[in-house]
Amino acid sequence: MAAIISCNCYSSLAASKWVNPRIPTKGTSLLRTQKSSSWLNRQLLPKCTSQKHVQCHLQDGQKGRSFSLKECAVSIVLAAGLITGMPSLDWSPNAYAASPALPDLSVLISGPPIKDPGVLLRNALPINNKAVREVQKPLEDITESLKIAGVKALDSVERNVRQASRALKQGKTLIISGLAETKKDHGVELLDKLEVGMDELQQIVEDRDRDAVAPKQKELLQYVGDVEEDMVDGFPYEVPEEYRSLPLLKGRAAVDMKVKVKDNPNLEECVFHIVLDGYNAPVTAGNFVDLVQRRFYDGMEIQRADGFVVQTGDPEGPAQGFIDPSTEKTRTIPLEIMVNGEKAPFYGATLEELGLYKAQTKLPFNAFGTMAMARDEFENDSASSQVFWLLKESELTPSNANILDGRYAVFGYVTENQDFLADLKVGDVIESIQVVSGLDNLVNPSYKIAG
């Protein structure tokens, strides 16, 4: 009988070396799947293998290093390969004749992108409180400190902890003043827990217990993220009138996606935890949560897994999206992109079409397991039910040098067990997707309407 590996149970056996996914070739797309598409036979390249229980993870060969001009040039070449090799991304010869075909070089040399989904989600919250960010940053920097070998890493961790503790003591009053009035008591309670946790982490460092650092860091960053969410007072903007009747996620929600893995002796099933960001993509995230509540994805197979993305959401039959029973027509949603510095998302147009070539997206395609909507090649507002998760290494296409940023609507990130996405293949079955938090943030839920 095959050994069953839960995604939460690991051993000390080493996983096999991560293999870079191939650059997509002609015929692959992030569009809604076509029933006869040839990509269904493609293989998923990255694999983690062993005989029994194994800790599967992706190895990041040279994390934390800065980009040289030579490497940036390589990134440009790779980006060009993506463009010329993926006509389905709407890079026609005459599409944007007045604009440069490649991103500005200054973007490419701006440094390595943030890849941690937790950091990306915290940074994407609609808040402006410098004091809490000054607590957040040194706690996040502990991840880099732990890359130092052995107990020497603890000296760097100790500096991070002291910086965070000092920032919390000096900025606590300003942090509390930034809490939404209706959430203030909860936020203060979290800050008290954060202070206690800081002292506990300091003791862990003094005891030279390296293995206990990362779990405590995760706990403290959860407190920080929750405090930051308590600073959001209601929903920060109005969705355009033409979309207000659609299901909208006005806040955040989390789902657990349980996948049954076939023909893999090392992995039988896995649960992926996904955080959906309705602050920056209320229409897109709301559409997905509504479909989850309809159990639309339950029992559906993974329909694409080629080492670049994992994709699903194409229902059986001729339809390529969700057929709304009340209209008997495919329900579609607009392209929805939130940009740093803007108060509300842009709808119905790519950033190139808007002339925003250097704009920074709030939810970039940086993290392994970035979740976005698939759509038709030449129709921005054609997304319905098909979704994909990105698997590539973000150093190859840094934030906003990535040709996907600003063209496809990101609405969430896999935050737990994302490495196991690389083990999924066409034919694996989504047993269930369940909303585990944030369902009360969904407005206009169509799943409650009879029919």
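Student: Which residue in β3 stands opposite Lys 260?

Tutor: Glu 269 in β3 does. Bear in mind that this is a predicted model: local features need pLDDT of at least 70, side-chain atom pairs count only at pLDDT 80 or more, and totals for chains, interfaces and linings use all residues. Residues are numbered from 1 along each chain as its sequence is written, and side-chain values use heavy atoms, with hydrogens and water left out.

Student: What makes β2 and β3 a pair?

Tutor: Two strands pair if DSSP finds at least two bridges between them, and nine join β2 to β3, so by that rule they pair. They run antiparallel. By the way, strands are DSSP runs of E with at least two residues, helices are runs of H or I with at least four, and both are numbered from the N terminus.

Student: How many bridges do β2 and β13 have, and in which sense do they pair?

Tutor: Seven bridges, in the antiparallel sense. Asp 256, for one, has Gln 434 in β13 as its bridge partner. On the other flank, four bridges join β3 (residues 269-277) to β12 (residues 410-416), also antiparallel, and there Val 275 is partnered by Tyr 413 of β12.

Student: What order do the strands of the open sheet take?

Tutor: Eight strands run β4-β5-β11-β10-β12-β3-β2-β13, with antiparallel pairing.

Student: Why do β4 and β13 stand at the edges?

Tutor: Each has a single partner strand, so one side of β4 (304-305) and of β13 (429-437) has no neighbour in the sheet. Helix α8 (residues 282-293) packs on that sheet, touching strands including β2, β3 and β12, and its direction makes about 115° with that of β13.

Student: Why is α4 called roughly antiparallel to α7?

Tutor: Helix α4 (residues 130-145) and helix α7 (residues 213-229) pack at about 155°, axes 10 Å apart. That angle makes α4 roughly antiparallel to α7, as the cut-offs are under 35 degrees for roughly parallel, over 145 for roughly antiparallel, 65 to 115 for roughly perpendicular, and oblique for the rest. Axes here are lines fitted to C-alpha atoms, for helices over the stretch in contact, with angles from 0 to 180 degrees between N-to-C directions.

Student: How do you know that α4 and α5 are roughly antiparallel?

Tutor: α4 and helix α5 (residues 153-177) pack at about 170°, with their axes 7 Å apart, which makes α4 roughly antiparallel to α5. The residues of that contact (heavy atoms within 4.5 Å) divide into 14 nonpolar, five polar and two charged. Nonpolar covers Ala, Val, Leu, Ile, Met, Phe, Trp, Tyr, Cys and Pro, charged covers Asp, Glu, Lys and Arg, and the others, Gly among them, are polar.

Student: What about α6 and α7, at what angle do they cross?

Tutor: Roughly 160°, with the axes of helix α6 (residues 184-206) and α7 coming within 9 Å. The two are therefore roughly antiparallel to each other.

Student: Why mention pLDDT at all, and what does the protein chain average?

Tutor: pLDDT is the predictor's confidence in each residue, from 0 to 100. The protein chain averages 80, and 73% of the residues score at least 70. Over residues 1-29, though, pLDDT stays under 50, and over residues 36-110 it is below 50 as well. Where pLDDT is low, the predicted coordinates should not be read in detail.
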